[in-house]
Amino acid sequence: MHGFRTLTLTTAMWLTLGAPLAVGAATLNGQVDKVIDGDSLVFTPAGGGKPLEVRLHGIDAPEGCQAGGEASREYLSSFVMGKPAKLETKGRDSYGRTLGLLTVDDMLVNQRMVAEGHAWSLRSKWNQGPYVPQETVAIAFKRGVHAERGAIFPWEFRRQHGPCKAPQAGAGSASAAK
């Protein structure tokens with residue numbers, strides 16, 4: 001009987017402590033009003049809700065000043081800007097941006113960015129990320145950033161070069177700090 005109470009108490013504590021993690025999850029309808037770079041955008045919920053700065057969950061696109069960075073931003077913009085979209089929130093990143101899965105025209109945008117070679121599956125210490133099969137195909141078919149040898153992971157680029165510098169006023173550069 002004591003073991004059963006301990007198990008029940010442990011389960012109740014897990015459910016109680018785990019509940020706040022699920023509170024932040026939501027599915028929102030709206031549209032993309034601005035593309036910041038290949039994995040960040042501004043999403044405005046339908047009905048005039050407050051615009052959200054969103055980081056696409058599970059991917060990492062080239063930095064704006066990195067080879068392929070501008071092409072990645074332009075590719076994302078070409079099929080999401082101003083279109084009806086659904087955002088499934090997944091929490092927040094270390095910069096306070098909403099992490100999310102974005103769907104446009106019944107297509108998971110996060111997955112498409114990797115499949116077309118405009119982003120990498122976001123790795124962690126313990127796994128290769130959610131879109132490794134799509135990344136493998138993009139590399140094999142030399143899509144996007146993989147068209148040239150020597151594509152550098154964005155996290156490696158940031159480690160070697162630091163963050164991109166903001167464009168100089170009047171310099172006409174399209175690069176933006178991430």
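## Exposed or buried?

A residue is called exposed when its relative accessible area is over 50%, buried when that figure is under 20%, and partly exposed in between. With 61% relative accessibility, Arg159 therefore counts as exposed. Keep in mind that this is a predicted model.

## Salt bridges overall

Side chains of opposite charge can pair when their charged atoms come close. Searching the whole structure turns up ten salt bridges. Here are some of them.

## A pair within helix H5

Arg159 has a salt-bridge partner in Glu156, with 2.5 Å between the closest N and O atoms. Both sit in helix H5 (residues 154–161), three residues apart, which is about one turn of the helix. Glu156 is partly exposed, at 22% relative accessibility.

## A pair within helix H2

Over in helix H2 (residues 69–80), Glu70 and Arg73 are also three residues apart, so about one helical turn separates them. Their side chains form a salt bridge at 2.6 Å, N to O. Glu70 is partly exposed, with a relative accessible area of 23%, and Arg73 is partly exposed too, at 24%.

Now for Arg55 and Asp39, whose side chains meet in a salt bridge of 3.3 Å, N to O. Arg55 belongs to strand S3 (residues 52–56), while Asp39 is in the loop between strand S1 (27–37) and strand S2 (40–45), so the pair ties together parts 16 residues apart in sequence. Arg55 is buried, with a relative accessible area of 13%, and Asp39 is buried at 0%.

Note on methods. Residues numbered from 1 in each chain as written. Predicted model: local features only at pLDDT ≥ 70, side-chain atom pairs only at ≥ 80, totals over all residues. Heavy atoms only, no water. Salt bridge = Lys/Arg side-chain N within 4 Å of Asp/Glu carboxyl O. Helix = DSSP H or I, 4+ residues; strand = E, 2+ residues; numbered from the N terminus. Buried < 20%, exposed > 50% of the residue type's maximum accessible area, 1.4 Å probe, protein only.
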